Amino acid sequence: MIWSTYETMARDQMEKLQLERLKQTVRRVYDHVPHYRAKLNELGINPEDIQSLEDLKKLPLTVKNDLRDNYPFGLFAVPQKEVVRYHASSGTTGKPTVVGYTKNDMETWTELIARIVTMAGVSAEDTAQVSFGYGLFTGAFGLHQGLERVGASVIPMSSGNTEKQIMIMQDFGTTALIGTPSYALHMAEVAKSMGIDPKKDLKLKWGLFGGEGSTEAMRRELQDAWGIFVTENYGMSELIGPGVSGECKALCGMHISEDHFIPEIIDPETLEVLPPGSVGELVITTVTKEALPLIRYRTKDITSLHYETCDCGRTTVRMAKIQGRTDDMLILGGVNVFPSQIEEVLFNTEGIGPHYQIKVFKKGYLDKIEIDVELIDDNLLESFGQLEALKQTIRSRLRTVLGIDAKIHLHEPRTLARFEGKAKRVIDMREVK
Amino acid sequence: MLIDQLSVFVENRHGALAAVTDALYRYGVDIRAIAVFDTTEFGIVRIVVDKPEEALKDLKADGFVAKLSKVIAVEPIDKPGSLNELFHIMGDNGINIEYIYSFVMRRREMPYVVFKTDNQEKALQILKDKGLNTVVDL
């Protein structure tokens, strides 16, 4: 089922709508946001200069620091009394990034989520358990509103208290699980230790995961562990929260709601706009937001855009799985590696579990990588040599596939950190950033 | 005689062995023999217990990576050269001993020797042919 007719709009109509909305947005930020007015004046651009979608690239880029520098409400285009909801991103350094929603923004957001949950298979028939943490983080409230909009029965479970989560899941007959992929993996492990076989004892059908990147290997892991159909969705609080894009059942990328967001791919070094299909940094312009419109926001996420019509019938552009983030790319001895690539190698190795930790440090002038994994295969206990061989297998795969040399440490099961929200798998001790 | 031995994966850190023995104690499992060899960051604890099947189930439930395997238990004759003889019998017949450890049962004079070879059935047969006392009852 397709929730909205905007999802199947012909390309020329969509572009016409985008241009009209882009013009309004540029006008709005010029008139109401001093930061943007100053930037446009600096570049000698007047809102009237925007006459085609091609003109988008004349506009200045926006970065996360622009939000921090204007903390808390400096980039808002409406007075505080128009704001009906605040959220904030988890600021790991200093102040969080604050976002706001007008009444219309809330309506837009709810509709966007209704689109992605419908795409993922959820309908009024479903009972949806939201296992994102409720609070300033956008994940829980965002999904909650949209799930209610499609008529699903929503359980606002929040994250943590995992054994109770499993109990509720069983007792309420939850059919859709919503959360981060890493927490869903942890939950599966807890369910198993409680003697519950998710495939037999639970009614789960759908897994809608987001809030952090994930790999195809992780999808398989989640599908096997829970016996569910797994889709991923994408968003970030600055843009609106979850709901920017989501996967349909064809699983060939995440459909972006282009009537609200105009995506571009740029080269993160030269900042040049790249043609469709190229891999680069995703940049998004919001064209309907009232409280916090953002022009050409640099997401730092590495992906590519695909415009061919999808098998599901939607005409909206699809973004590929996030390959990594420009700021979590590791440069190890001159080799560029995303943690997600390391994850892919680990997940495809038999004998170890899905939890891991990557540690990077300097020894002299050299970058050293150590990876902690958990042994799960008892067949390797016949001899010490088999365990050593497993370590060697992982090491040589990482060398062949990624060109990095990592020391592998085997640990007992359930000893590495588990995450209830976004996973933090990389510890870089080379220098304080 | 082939007896059941538990193999448990442990990290080389303080408290790792106690975690294993804690679990066994909690489940009322009696340890007959235990061996761990010098390792760097992880090792395999080999344990002979009175209730191997139950012990395996309990350890797994507690999250340990553990498995049961068959080892040979022999009671060598109390005379100089008896171990030498045992190793020769194995070596001369092309059987490789992967690891070996010994333990004393109370009220017995001689220690038992427990070992694992790359051909358990053949090793047993040879020991029987040579009249060596493989332990039947622990």
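In the predicted model, the interface between the two chains brings 14 residues of chain B into contact with 15 residues of chain A. On the chain B side, the elements that contribute two or more residues are strand S1 (2-11), strand S3 (42-49) and strand S4 (66-75). The largest contribution to this side comes from S1(B), which supplies four residues. Classified by residue type, the side of chain B that touches chain A comprises seven nonpolar, four charged and three polar residues. The model as a whole has an ipTM of 0.79 and a pTM of 0.79. For chain B the mean pLDDT is 86, and 93% of the residues of this chain reach 70 or more. Where pLDDT is low, the predicted coordinates should not be read in detail.

Chain B is divided into two domains, with domain 1 spanning residues 2-68 and domain 2 spanning residues 71-134. A distance of 23 Å separates the C-alpha centres of domain 1 of chain B and domain 2 of chain B. The contact between them involves eight residues of domain 1 of chain B and eight residues of domain 2 of chain B. On the domain 1 side, two or more residues each are given by S1, strand S2 (31-35) and S3 of chain B. This side of domain 1 of chain B, facing domain 2 of chain B, consists of five nonpolar, two charged and one polar residue by class.

Within chain A, a helix pair was examined. The axes of helix H10 (residues 339-347) of chain A and helix H11 (residues 384-402) of chain A come within 10 Å and cross at roughly 135°. An angle over 145 degrees would count as roughly antiparallel, and one of 65 to 115 as roughly perpendicular; H10(A) and H11(A) are therefore oblique to each other. The crossing of these two helices, H10(A) and H11(A), is right-handed. From H10(A), the contact is made by Gln341(A), Ile342(A), Val345(A) and Leu346(A). The residues on the H11(A) side are Ile394(A), Arg397(A), Leu398(A), Val401(A) and Leu402(A). Taken together, the residues of the contact of H10(A) with H11(A) divide into seven nonpolar, one polar and one charged.

Definitions and conventions
Residues are numbered from 1 along each chain as its sequence is written. Chains are lettered from A and ligands numbered from 1 in the order in which they are written. This is a predicted model: local features need pLDDT of at least 70, side-chain atom pairs count only at pLDDT 80 or more; totals for chains, interfaces and linings use all residues. Axes are lines fitted to C-alpha atoms, for helices over the stretch in contact, and angles run from 0 to 180 degrees between N-to-C directions. Angles under 35 degrees count as roughly parallel, over 145 as roughly antiparallel, 65 to 115 as roughly perpendicular and the rest as oblique. A crossing is left-handed if the near helix is turned anticlockwise from the far one by less than a right angle, and right-handed if clockwise. Two residues are in contact if their C-beta atoms, placed from the backbone, lie within 7 Å. Ala, Val, Leu, Ile, Met, Phe, Trp, Tyr, Cys and Pro count as nonpolar, Asp, Glu, Lys and Arg as charged, and the others, Gly among them, as polar. pLDDT is the predictor's confidence in each residue, from 0 to 100. Domain bounds come from an automatic or database domain assignment.
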